[in-house]
Amino acid sequence: MNRIKSLIVLLLLCVFQFSMAQMQDGWSLQKDASGIKVYTKEAGDSGYKPFKATVLLDNTVEEFASVMYDVDGLLDWGYKIKTAWLFERSGDSLQIYYAEAKAPFPYKNRDGIYKNVFQWNSKTKTLLVKINLLENYKVVDPDLVAIKGHGYWSATQLNSGKLEVTFMMEVNPGGEIPAWMANMVVDDSPYYTLLNLREAINKPKYKNKKYSFIK
């Protein structure tokens, strides 16, 4: 009997540890496929769940930065991105760009003005790219629905030579898309974004780039 109780306790402990492993500061693992892990959190006041996704790449932080600066190239790997162009760039630290994303019928396409702030941490070898969707910056197409939100990219050069990339966003798509519907497919955007990024970052145009602030 004591042996059975010990086995039950051990089993419950394993289940608890597994559950804790799936949770990181409130993040719950939703998808683990193709080397990409996607997490979500409980929705805040907006009702829309934030997401976070991670992947390990065989690339450098400079190559990652090159992809981030190539706004036109967003069409190749951004999830359902229809159009994108640069509004403003200030050195290597700030850029503002426009992007339109396709929405499923019968909903209107979504668009937004994205502000990126680039920060390099030499101690952790991490490039942080903060993302903020600017409201009332410019109206490009009044027939589209402007999205709201914020998030970040982070790319850390590991001692192993791998690049650990994290993509996090909390987005309100606006319009008539109900939160429950958006939350059902919230893991699609980060998963396919990282899946496409892993392929795009290996294009020759992103190789051999140097940036003075990355040291």
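The following exercises, with worked solutions, concern a predicted model. Residues are numbered from 1 along each chain as its sequence is written, and side-chain values use heavy atoms, with hydrogens and water left out. Local features need pLDDT of at least 70, side-chain atom pairs count only at pLDDT 80 or more, and totals for chains, interfaces and linings use all residues.

**Exercise 1.** Determine how many helices and strands the protein has.

*Solution.* Helices (H or I, at least four residues) and strands (E, at least two) are taken as DSSP runs, numbered from the N terminus. On this basis the protein has five helices and 11 strands.

**Exercise 2.** Identify how strand β11 is paired with β4 and with β10.

*Solution.* Two strands pair if DSSP finds at least two bridges between them. Step one: β11 (residues 163-172) and β4 (residues 51-57) run antiparallel and are joined by seven bridges; in this pairing, lysine 52 is opposite methionine 168. Step two: β10 (residues 148-157) pairs with β11 over 10 bridges, again in the antiparallel sense, and histidine 150 faces glutamate 170. Step three: five residues lie between the strands of the β10 and β11 hairpin, where glycine 161 adopts a positive phi near 100 degrees.

**Exercise 3.** Is threonine 166 buried or exposed, and which residues does it contact?

*Solution.* Step one: threonine 166 belongs to strand β11. Step two: its relative accessible area is 9%; buried means under 20%, exposed over 50%, and partly exposed in between (1.4 Å probe, protein chains only). Threonine 166 is therefore buried. Step three: with contact defined as heavy atoms within 4.5 Å, and neighbours within four places in sequence set aside, threonine 166 touches Lys52, Ala53, Thr54, Tyr152, Trp153 and Ser154.
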